[in-house]
Amino acid sequence: MNRYENLANVLSERIEQGLYPAGIRLPSVRVLSSEHGVSVSTVQQAYRVLEEKQLVEARPKSGYFVKEARLQAALPSGCRPTQRPVEISQWDQVLELITSPHLPGFVQLGRGSPDVTAATLKPLSRLMGRAGQHQNLNAFHYDSIYGSEDLREQIARLMIDSGSHMDASNILITTGCHEALSIAIRSVCEHGDIVAVDSPSFHGAMQTLKGFGMKALEIPTDPVTGISLEALEMALEQWPIKAIQLTPNCNNPLGYNMPDDRKKSLLRLAQRYDIAIIEDDVYGELAYQYPRPATITSFDDDGRVLLCSSFSKTLAPGLRVGWIAPGRYHDRALHMKYITTGASATLPQIAIADFIKQGHYLQHLRRMRNQYQRNLCTMTDWVMKYFPCGTRVSRPQGGFLLWIELDERMDTQRLNRLLEEHFVQIAIGSIFSASGKYRNCLRINYAQPLAAKTERAVQQVGQMVSYMLESC
């Protein structure tokens, strides 16, 4: 961590602890420079970080002041899923989301895509071109079934921040995180098996279960602490569950980071019942805290956790480069990799490995974390401004996805139909449930630079919600 980031963290903690109350003038740049033994420019950078997080504001000729506390909406209450295995539905609704058109003037609030317009991605574009020109055609050949050794070594180094110390030989490169999840599921489960999932849960993982003829058992999930361990234990006693699939860090769609003590307790449950954990960490690198939260894998000492991730959310989804660390299931995972795609595309692996080695990746992550955290504040304010009273909103600890719970009379599938006439699309809540629950919920994306057209789109959603409730 840089000096200015350390200083920003110190000041942030003082603000959160109330040592610097709202509205108070903060120490001057020169005072902090002297107090902490850092340069004036370091203090200025620290204050810029706090401005981006909307913790402080600069007033001309007066200095920096702690911003007034922002009003917070109530957290989503969710619903208690029926605790029995179910056949997974909602494919038609998922297909509608992922095949929506990219038309001029169309505001896509539903997709789980990052901002790919950042200037910090330009070196990656150059490296992609260079890899194709100067690799003696290596980039145009099949790579190893394991994936690029350079890239696997870089991933192993990156994962140290998450507490995971793994050898590059334990990592397999995949075609995105979706393939990693698919490999993980088929490595530990068979047709007809039951998989416990957090609820609401990522629709892609559940559709994978559907495609392989498996059933999902939805476990109630808290918007702050994650999957209910008590409900999970009851389910494990009652049903022959083969695996637990969840996203404990920067959860999609709720945005929470599961506390470490609960991760350890979850792992102990899995050990007691001798089942696997499939951990989706695709958003973990985008946590707003530093260091980033630990993975469940980092506490695993018997290889029962299959860790899945990719560069689709941190860099760009079009790269289609992901990875899996399958633990004790390595041989089975390798076979599953071979019978699905074989070797993954070589060119983007070469470019990403160089991008990381040259220091561009961490610089890009810092920029995007700040942007997403700043956008979260703005998007939450817009929702509170334009949506009806009583709307409940998640408080993401990372990533770029916001979960919104509306009045229980709402049907967000019908809402989406009406919004399409205004060239706006959301992600409807029912696709995040195996059995179609959360019909009164929706997910929106705040990754892109927030422009006036985005605010108008959010306003349109809020107005349409109000109209529909008045018509009930």
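# A friendly walk through a predicted model

Me: Which residues of helix α2 are buried, and why do they line one face of the helix?
Reply: Let's look at helix α2, residues 29-36, where Val29, Leu32 and Ser33 are buried. Seen down the axis of α2, these buried residues fall within an arc of 105°, so they line one face of the helix. The face turned away from that buried side carries the exposed Arg30 and Ser34. The buried residues asked for are Val29, Leu32 and Ser33.

Me: What covers the buried residues of α2?
Reply: Val29, Leu32 and Ser33 are the ones to follow here. Their cover includes α1 (3-16), α3 (40-52) and β2 (63-66).

Me: Where do the buried residues of α9 lie around the axis?
Reply: Helix α9 spans residues 229-238, and its buried residues are Leu229, Ala231, Leu232, Ala235 and Leu236. They cover an arc of only 155° around the axis, which puts them on the same side of α9. Turned away from that side is a face with the exposed residues Glu230, Met234, Glu237 and Gln238. So the place asked for, given the 155° arc, is the same side of α9.

Me: What do the buried residues of α9 pack against?
Reply: Leu229 and Leu236 are among the buried residues of this helix. The packing partners of the buried set include four strands by name, β5 (194-199), β6 (215-222), β7 (226-227) and β8 (241-246). The remaining partner is a helix, α10 (260-272).

Me: Which residues are the closest to the centre of the second largest pocket?
Reply: About 650 Å³ of space lies in this pocket. Of the 28 residues that line it, the closest to its centre are His178, Phe202, His203, Lys313 and Arg320.

Me: How many charged residues does the lining of the second largest pocket have?
Reply: Helices α4 (91-98), α7 (176-188) and α8 (203-211) each supply at least two residues of that lining. Sorted by class, the lining has 10 nonpolar and 13 polar residues. The charged residues number 5.

Me: Which strands are the edge strands of the open sheet of 4 strands?
Reply: The strand order is β12-β13-β16-β15, with antiparallel pairing. An edge strand here pairs on one side only. The edge strands are β12 (392-393) and β15 (427-428).

Definitions and conventions. Residues are numbered from 1 along each chain as its sequence is written. This is a predicted model: local features need pLDDT of at least 70, side-chain atom pairs count only at pLDDT 80 or more; totals for chains, interfaces and linings use all residues. Side-chain values use heavy atoms; hydrogens and water are left out. Buried means under 20% relative accessible area, exposed over 50%, partly exposed in between (1.4 Å probe, protein chains only). The arc is that of the directions from the helix axis to the C-beta atoms. Contact means heavy atoms within 4.5 Å. On a 1 Å grid over the protein atoms alone, a cavity is a set of points where a 1.4 Å probe fits but cannot get out, and a pocket is an open set with protein on both sides within 12 Å along at least five of seven lines; lining residues have an atom within 4 Å of a point. Grid points are joined across faces, edges and corners, and a volume is the space filled by probe spheres set on the points. Ala, Val, Leu, Ile, Met, Phe, Trp, Tyr, Cys and Pro count as nonpolar, Asp, Glu, Lys and Arg as charged, and the others, Gly among them, as polar. Two strands pair if DSSP finds at least two bridges between them.
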